Amino acid sequence: MALESWNDLTLTEKRKIRKGFIRNPHKAYERLRAQAEGETPDPTPTPDPEPEFIPVVYAFTSYSDAEKTTEWGTGTVETTGVEFNGYTEVEVKTNSVDGFVGNKYYIISSAKTDGTVYELFTDAGTTSAEIFVTITAN
């Protein structure tokens, strides 16, 4: 039984390849194709373990707008490990303003701790939380 080349598969077909091959599905598929054609495939290496997620804590100052017109509060956030569409989810751990601890927001993943003001979102970059922050390493 001959299988099609990896490049001839549709995106849907490529997605159907078993999750265990997620690190390099192209190489895994070519190995399966070689087996189907009777070729001797290279031995399957043991996959590397997934790296353990280590949360990072940042201090923040929140503002009413990108121009820092009104300072609202200060506190800390911790990364949750959720990243989507270039945005990183953070959870508020402490805040000088009541009612925000436990809230989750998204900030652009390329944010720097250099005093730049960043807008927070309630999802990955689509819906503004109407909160602007500067962050520093904690």
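Which residues does threonine 61 touch, not counting residues up to four places away in sequence? They are Glu71, Gly73, Thr74, Phe132, Val133 and Thr134, where contact means heavy atoms within 4.5 Å. The model is predicted, so local features need pLDDT of at least 70 and side-chain atom pairs count only at pLDDT 80 or more, while totals for chains, interfaces and linings use all residues. Residues are numbered from 1 along each chain as its sequence is written, and side-chain values use heavy atoms, with hydrogens and water left out.

Threonine 61 is found in strand S1; strands (E, at least two residues) and helices (H or I, at least four) are DSSP runs, numbered from the N terminus. With a relative accessibility of 17%, threonine 61 counts as buried. The class limits are under 20% relative accessible area for buried, over 50% for exposed, and partly exposed in between, with a 1.4 Å probe and protein chains only. S1 covers residues 57-63, and because 5 of its 7 residues are buried, the strand is largely enclosed by the rest of the structure.

S1 pairs with two strands, S2 and S6; pairing requires that DSSP finds at least two bridges between the strands. With S2 (residues 71-84), S1 runs antiparallel and is joined by 7 bridges.

Threonine 76 lies in S2 and is buried, at 15% relative accessible area. Its side chain makes a polar contact of 2.8 Å with the side chain of threonine 94. A polar contact is a pair of N or O atoms within 3.5 Å; within protein, one must be able to donate a hydrogen and the other to accept it, and residues adjacent in sequence count only if both atoms are side-chain atoms. Beyond neighbours within four places in sequence, the contacts of threonine 76 include Val57, Tyr58, Ala59 and Phe60, as well as Glu91, Val92, Lys93 and Thr94.

The largest nonpolar core has 12 residues, among them Phe60, Val77, Val90, Ile107, Leu120 and Ile135. Such a core is a set of buried Ala, Val, Leu, Ile, Met, Phe, Trp, Tyr and Cys residues joined through side-chain atoms within 4.5 Å. Strands S3 (87-95), S4 (104-108), S5 (118-121) and S6 each give two or more residues to this core, and S6 gives the most, with 4. Isoleucine 107 is in contact with Tyr87, Thr88, Val90, Tyr118, Leu120, Val133 and Ile135, leaving aside neighbours within four places in sequence.

The largest pocket holds about 420 Å³ of space. Of its 26 lining residues, Val77, Val90, Ile107, Leu120 and Ile135 are the closest to its centre. On a 1 Å grid over the protein atoms alone, a pocket is an open set of points where a 1.4 Å probe fits, with protein on both sides within 12 Å along at least five of seven lines, and lining residues have an atom within 4 Å of a point. Points are joined across faces, edges and corners, and the volume is the space filled by probe spheres set on them. S2 gives the most to the lining, with 5 residues.
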